[in-house]
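This report goes through one protein chain, from model confidence to single residues. Please keep the sequence and the coordinates open while reading.

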Amino acid sequence: MFTRRRFLAGSSGVLAMAASAPLFAASEKLSYKIAPMASKAVLLEDGGKQTAVWAYNGLVPGPVVRTKKGEEVSIEVFNQLEHPTTIHWHGIRIDNAMDGVAGLTQVPIQPGERFVYRFTPPDAGTYWYHPHNKTWEQLARGLYGTLIVEGDAEEGQFDRDYPIVADDWRLENDGSIHEASFQSMHDWSHEGRLGNVLTLNGKPYERLEVIAGERVRLRFINTSNARIMRFSLANQETSLIALDGQPIPETKLGGDGITLAPAQRADLVLDINGREGDEIAILETSNNDRLVAGYLVCGQGKATHSSAKLPVTLKNNSVPEPELSNARVLELEMSGGAMRFLTSGIYKGQKMGGRELATKHQQLWAFNGVAGMPEQAFFSARRGETIKLKLLNETAWPHSIHLHGHHFRILSRDRGSVAMGDYEKHAFRDTVLLERDETVEIAFVAENPGKWMMHCHMLEHQAAGMATWFEVL
Ligand SMILES: [Cu+2]
């Protein structure tokens, strides 16, 4: 159960300011410098308690990386941790060598070493970055940040543009990170490591300033290890304009709000309906109760925006449309986990029993009978080939399946499921949520050469077997 601590309003203003200040200086050659390091954060409303975290430039979340579609960005990562790490730029159709997957696309950055990531994002939208080495631990300790790619169509359409980075921390009463659960095979075989403290932008109660009448863009990002979240704005007409970075036709959000599986993003827009002094609650409702996670606070002043009643128009990116008539059809069957434990499976090329997989190798889940990264690619595609993937969730748990380097269409779901609305039919996504026993068909053009991971973004499931890769030649 989610026993989130509830706190009274009134907050840690000073630290909150520091956490949102950019720490980097732009220069022509190197746009950003990011250093993962040990740091401290105030995650509990009782501001006297600090949490020892790992954080980019000491901040949770890390600095917002803001760049432009079609323009090269270079980011130097200086590893100040005592552990090897990498950075993965989640959702970017990136050059394979820059994808940041330890063991597949690069060797991890050793303590004290530097690595420069250089890429030209082809798509505008809301993305994020995080380690791809022992991700289940490094992300849970605070390593994540927002990556915004600006397009040309956004200019002047929004008065405010706020990332809302949601995380689900598992903390002790004294504020320290709950260490014992990090390799809990119970958690790994169930939903993953769930937390007990919800933060937005690293704060127990985020407060974002708005002015009545303004048009505000909110970029929700679920960075939690395993928790499926659901967000809405209290008493405000809100529209969805993008999923996983890619624009969709503007769609009014129903009362259920928007469901976000781990790693998914949603861009919402609203014209602030309120008066000076009003507080608009940001609600998290995945547990079917309305938890206040933060507020939009109506400040003084007058909205200056003149086009606020016009429809929002985000330009579509150039993600290629799958050609279904020529598609190659493949199946990915997910198995294992609590209640349906593996009886056998292949691990690093060797067939073994379920008990040996679990006790010797901490492998509890499998894709097509293989636990963990296979030596051979799941499939090799010709560049430009359309791949139709039938994802069969034969487990008793939901999963959040992420494809690297590509965005895909969702063709069908056999359970309708998870409060996903019709809007998903118009989306290109990089991460898809499957309910227990659900089958989902996706399709994409394998257009980006290289070796690409495909895994469950419930990070304990990934660590315990739900990971594979494919190759585009
Ligand atoms: Cu999973």
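## Model and confidence

The chain has a mean pLDDT of 91, and 91% of its residues reach 70 or more; pLDDT is the predictor's confidence in each residue, from 0 to 100. Over residues 1-28 the pLDDT is below 50, and this stretch has 37 contacts in the model beyond near neighbours in sequence. Two residues are in contact if their C-beta atoms, placed from the backbone, lie within 7 Å. Where pLDDT is low, the predicted coordinates should not be read in detail.

This is a predicted model, in which local features need pLDDT of at least 70 and side-chain atom pairs count only at pLDDT 80 or more, while totals for chains, interfaces and linings use all residues. Residues are numbered from 1 along each chain as its sequence is written.

In the contact between them, 28 residues of domain 1 meet 28 residues of domain 2.

On the domain 1 side, helix H1 (13-20), strand E3 (51-56), strand E8 (125-130) and helix H2 (135-138) are the elements that give two or more residues. Helices (H or I, at least four residues) and strands (E, at least two) are DSSP runs, numbered from the N terminus. E8 gives the most to this side, with four residues. By class, the side of domain 1 that touches domain 2 has 15 nonpolar, eight polar and five charged residues. Here Ala, Val, Leu, Ile, Met, Phe, Trp, Tyr, Cys and Pro count as nonpolar, Asp, Glu, Lys and Arg as charged, and the others, Gly among them, as polar.

## Nonpolar core

The largest nonpolar core holds 121 residues, of which Ala55, Leu147, Ala166, Phe220, Ile258, Leu268 and Ile442 touch the most other members. A nonpolar core is a set of buried Ala, Val, Leu, Ile, Met, Phe, Trp, Tyr and Cys residues joined through C-beta atoms within 7 Å. A residue is buried if 20 or more other C-beta atoms lie within 10 Å of its own, exposed if 12 or fewer, and partly exposed in between, with C-beta atoms placed from the backbone.

Strand E32 (residues 439-446) supplies the largest share of this core, six residues. Leucine 147 touches Val65, Trp89, Tyr127, Trp128 and Tyr129, not counting residues up to four places away in sequence.

## A mixed open sheet

Five strands form an open sheet in the order E26-E34-E33-E28-E31, with mixed pairing. Two strands pair if DSSP finds at least two bridges between them. Strand E26 (380-381) and E31 stand at the edges; each has a single partner strand, so one side of each is left without a neighbour in the sheet.

Strand E28 (residues 399-403) runs antiparallel to E31, joined by four bridges, and histidine 399 has leucine 434 as its bridge partner in E31. E28 also pairs with strand E33 (residues 450-456) in the antiparallel sense, over three bridges; there isoleucine 401 stands opposite cysteine 456.

In a regular strand the side chains alternate between the two faces of the sheet. Both faces of strand E31 (residues 431-434) are covered, with Thr431 and Leu433 buried on one side and Val432 and Leu434 buried on the other.

Tyrosine 295 is in strand E20 (residues 291-298). This tyrosine is buried because 21 other C-beta atoms lie within 10 Å. Leaving aside neighbours within four places in sequence, tyrosine 295 contacts Arg207, Glu279, Ile280, Ala281 and Ile282.

Lysine 390 lies in strand E27 (residues 385-393) and counts as partly exposed, with 16 C-beta neighbours inside 10 Å. Beyond residues up to four places away in sequence, lysine 390 touches Val329, Glu331, Thr439 and Glu441. The C-alpha atoms of lysine 390 and valine 329 are 7.4 Å apart, although 61 residues separate them along the chain.

## Backbone details in loops

The loop between E3 and strand E4 (65-68) holds proline 61, and the peptide bond from valine 60 to proline 61 is cis, with omega near -10 degrees. Asparagine 57 is in the loop between E3 and E4; its phi is near 55 degrees, a positive value in a residue other than glycine. Asparagine 57 is buried, with 20 other C-beta atoms within 10 Å.

Methionine 339, in the loop between strand E21 (328-336) and strand E22 (344-347), has a positive phi of about 80 degrees although it is not a glycine. Methionine 339 is exposed, with 11 other C-beta atoms within 10 Å.
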